[in-house]
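Please look over the sequence and the model shown here. A short report on selected features comes after them.

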Amino acid sequence: MEMKKDSTEVEDEEREIVAQEMQKLPFDVIYEILIRTTFNWQKLITCDPKFQQSHSKRAVSSGLFFQVNKSTGKFVCFVRSNNDHEEEQCNSLQEVQSPSLDFLPTAKSILIAGSSLHGSLLCCVTKSSSTPIPSFYMCKPASREWRKMPNPKTTFKYSRIGIEVKQSSCSVLRYKVLRLSNSKTGGYGYHCQLFNSESWAWKTLPFVQFKPHCTFLLGGNGVWVNGGLHWLTNYDEVFVFNTDRETWTIFEVSPEMKNISRADRVVVSCDGKLGIIYDTLEWMEIWILENYSTTNPSWKRKYRNDTRSLHQNVKHLCAHHMWSNNTVMMMGTYEIVSFNCEKNTYTRTKLPATATTEDIFSLGEPYAFQPQFCYL
């Protein structure tokens with residue numbers, strides 16, 4: 001009687017056949033094929049920086065990942081081309097069909113807590129009636145990989161999460177997660193914990209106490225630039241936490257920036273530098289920290305654009321982050337806008353017709369992603 005092969009044996013034979021056939025092809029042809037493959041190939045390929053760079057430019061799109069309904073775990077995802085040389089590709093967005101984080105355990109109770117720069121990693125939290133204690137996961141949506149993190153040894157509910165990502169040899173990620181929690185007494189300041197992927201453990205750090213005491217942080221995710229995670233404060237200052245030294249400080253914006261009133265503010269990364277977007281119903285400015293210094297910061301205005309017609313056409317619009325060095329991603333109630341600051345032009349993308357009114361009004365913060373050639 002013929003023995004039935006298991007799935008592992010069949011896969012091994014298939015891989016051997018593919019390998020034999022690829023040996024007949026010229027190296028340049030093989031290279032071009034692998035550039036267009038999915039991330040599942042990455043663990044089978046040696047550390048080739050040239051290949052990694054080509055793969056990220058030609059095989060992977062960047063985009064936005066939304067959680068549109070917290071009760072059902074419903075998600076929606078938009079992608080765009082990485083070719084920044086073509087404006088129509090750079091600014092156009094296309095919805096991905098049926099995106100989800102269904103590869104995570106108990107996916108319907110998942111909440112996105114934080115995202116790394118360009119969303120290469122998401123920190124997710126799950127909490128349900130059967131398991132009231134939240135569980136933390138680190139995942140990479142591009143390759144559907146995930147790892148369960150140990151729970152922080154605290155009952156404080158997180159307020160802000162920042163993620164630092166570094167790439168070591170052979171494309172393996174090293175990362176740290178900063179967890180800031182509000183005090184139960186209602187006082188100003190944050191309990192601070194830091195997770196390190198190398199030790200695979202949380203570390204409790206000293207309490208962050210501000211002066212004046214009524215200082216608090218704005219925005220959700222911290223922006224990682226120059227070795228630190230950054231947030232704006234309600235006093236037009238920048239709070240930075242250095243993840244290597246495990247210390248924090250606050251530095252000021254320029255007096256000219258402090259005089260900008262009635263503007264929405266968001267801290268961003270622009271061309272590898274720290275930036276702040278000031279957005280009103282009439283104009284938008286982007287300021288860049290030219291020479292990074294927390295003791296003597298030097299700020300420079302990079303762009304100022306008239307946005308009156310844009311705000312007239314798109315309601316409840318606000319800036320969110322930088323698509324690229326000259327393009328700002330903005331969000332309205334029913335659509336996404338890519339605004340090119342150099343050309344003073346913009347494109348609009350409607351939110352999916354499949355999203356209900358309830359989904360749109362419960363739409364959470366968008367998490368930008370730009371998948372890199374790396375794995376957990």
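The report below covers strands, one arginine and the cysteines.

## Basis

The model is predicted.

Strand β13 spans residues 228-233. It is mostly covered, with six of its six residues buried. Gly228, His230 and Leu232 point one way. Leu229, Trp231 and Thr233 point the other way. Both sets are buried.

Strand β12 (residues 217-225) runs antiparallel to β13, and five bridges join them. Valine 225 has glycine 228 of β13 as its bridge partner. The β12-β13 hairpin has two residues between the strands, and asparagine 226 there takes a positive phi near 55°.

β13 also pairs with strand β14 (residues 237-242), in the antiparallel sense and over five bridges. Histidine 230 stands opposite valine 240 in β14. In the β13-β14 hairpin, three residues lie between the strands. Aspartate 236 takes a positive phi near 55° in this hairpin.

## The four-stranded sheet

Four strands form an open sheet in the order β16-β17-β18-β19, and the pairing is antiparallel. β16 (264-270) and β19 (298-306) stand at the edges. Each has a single partner strand, so one side of each lacks a neighbour in the sheet. From one strand to the next, the twist averages 25°.

Inside this order, strand β17 (residues 273-279) pairs with strand β18 (residues 283-291) over five bridges, in the antiparallel sense. Isoleucine 277 has isoleucine 286 in β18 as its bridge partner.

## Arginine 179

Is arginine 179 buried or exposed? Arginine 179 has 5% relative accessibility. Buried means under 20%, so arginine 179 counts as buried. The residue lies in strand β9 (residues 173-182).

Leaving aside residues up to four places away in sequence, arginine 179 touches several others, including Phe136, Phe156, Tyr158, His191, Cys192 and Trp202. Arg160 is also among them. Arginine 160 is 19 residues from arginine 179 along the chain, yet their C-alpha atoms are separated by 6.1 Å. A polar contact of 3.3 Å joins the side chains of arginine 179 and serine 181.

## Cysteines

How many disulfides does the model contain? With a cut-off of 2.5 Å between cysteine sulfur atoms, the count comes to zero. Cysteine 123 is in no disulfide, and the nearest cysteine sulfur, that of cysteine 124, is 6.8 Å away. Cysteine 123 is buried, with a relative accessible area of 0%.

Cysteine 270 counts as buried, at 1% relative accessibility.

How values were computed
Residues numbered from 1 in each chain as written. Predicted model: local features only at pLDDT ≥ 70, side-chain atom pairs only at ≥ 80, totals over all residues. Heavy atoms only, no water. Buried < 20%, exposed > 50% of the residue type's maximum accessible area, 1.4 Å probe, protein only. Contact = heavy atoms within 4.5 Å. Polar contact = N/O pair within 3.5 Å; in protein donor to acceptor, adjacent residues only side chain to side chain. Pairing = 2+ DSSP bridges. Axes fitted to C-alpha atoms, helices over the stretch in contact; angles between N-to-C directions.
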